[in-house]
Amino acid sequence: MRTWIRMAVLAVTLAFAAPAAAQYTFTQPGQQPQPVQQLQLWNNVARVNLGVGFYNSGWANCYSWYGYNCSSGSYASYIPFMVGPQIDFNLGGMNNISVGFTVAMGSASLTYWDGARDVTNSKSVTLWEPTIDYVAKFGPPSMDTVGRFRIGGGMYIGPNSTIGGTFRIGGGASFLNANRLGIGLDLVLEGGGYNGYWIGGLQLLASPEFHF
């Protein structure tokens, strides 16, 4: 009977001691056990977007009369280098608000109909684009790779204070997400208007990320 009592006391003692022992790492004999470091999680992200954009814009005034003719029209192509900061603020769970500012720098090639022939010229254009997006992130902060989906809007500010607006939708991912420093990749589609013309584009972005 005493043997069974001793075994029961030993089992209860081990049950209470196990959780406390799990907080410490194994050490060499004679050394004081050290507490296990808790995993640090970061929910917010600051990044610098770097990449390239592919945009086009245009309008036409055409008619059909025993054929197909255009009395006027224009078409513009714009492939800029893009750079700018962006911060994702976590609202809880998968929900985030992303605020950014992108500068697009490149040459716009314009082709237009002057009434007799097509005329093509190009000029250097810089567009400033503040943006705000809702971002849904798929996966906990402890995962090394986390996907994301974004939807939002932006504003174009160009030469001579010409302005426009755009709708944005896209997706991407953060790599090394559980570390303080990571890498992000994004693809963003845009469509809207600028200076009275429609404009559509695609952004391909890579970004160093700082998680905090």
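Because the model is predicted, local features need pLDDT of at least 70 and side-chain atom pairs count only at pLDDT 80 or more, while totals for chains, interfaces and linings use all residues. Residues are numbered from 1 along each chain as its sequence is written, and side-chain values use heavy atoms, with hydrogens and water left out.

**Overall make-up**

- The protein contains one helix and nine strands, where helices (H or I, at least four residues) and strands (E, at least two) are DSSP runs numbered from the N terminus.
- Along the sequence, these elements follow the pattern α-β-β-β-β-β-β-β-β-β.
- Of the 212 residues in the protein, 31% are buried, a term that stands for under 20% relative accessible area with a 1.4 Å probe and protein chains only.
- Among the contacts (heavy atoms within 4.5 Å) with a separation of 6 or more, 58% are between residues 24 or more positions apart.

**Pockets**

- Rolling a probe the size of a water molecule over the atoms shows where empty space is left.
- On a 1 Å grid over the protein atoms alone, a pocket is an open set of points with protein on both sides within 12 Å along at least five of seven lines, and lining residues have an atom within 4 Å of a point.
- The largest pocket holds about 550 Å³ of space, a volume being the space filled by probe spheres set on the grid points, which are joined across faces, edges and corners.
- This largest pocket is lined by 22 residues, of which Ala-76, Ala-108, Val-125, Tyr-194 and Asn-195 are the closest to its centre.
- Strand 5 gives the largest share of that lining, five residues, and the elements that each supply at least two residues include strand 1 (45-64) and strand 2 (68-78).
- By class, the lining of the largest pocket has 12 nonpolar residues, nine polar and one charged, where Ala, Val, Leu, Ile, Met, Phe, Trp, Tyr, Cys and Pro count as nonpolar, Asp, Glu, Lys and Arg as charged, and the others, Gly among them, as polar.
- The second largest pocket holds about 170 Å³, and of its 15 lining residues Trp-42, Asn-43, Lys-137, Gly-139 and Pro-141 are the closest to its centre.

**Cavities**

- A search of the whole structure finds two cavities of 30 Å³ or more, a cavity being a set of points where a 1.4 Å probe fits but cannot get out.
- The largest cavity has a volume of about 50 Å³, and its lining has two nonpolar, four polar and three charged residues, including Arg-150, Arg-168 and Asp-186.
- The second largest cavity, with a volume of about 30 Å³, has Tyr-55, Met-82 and Glu-129 among its lining residues.

**The surroundings of His-211**

- His-211 lies in strand 9 (residues 197-211) and counts as buried because its relative accessibility is 1%.
- A polar atom of the His-211 side chain lies 2.6 Å from the backbone oxygen of Asn-179.
- The side chains of His-211 and Glu-209 are joined by a polar contact of 3.1 Å, which is a pair of N or O atoms within 3.5 Å, one able to donate a hydrogen and the other to accept it, with residues adjacent in sequence counted only if both atoms are side-chain atoms.
- Leaving aside residues up to four places away in sequence, His-211 touches several others, including Trp-42, Leu-176 and Gly-182.

Notes. Buried means under 20% relative accessible area, exposed over 50%, partly exposed in between (1.4 Å probe, protein chains only).
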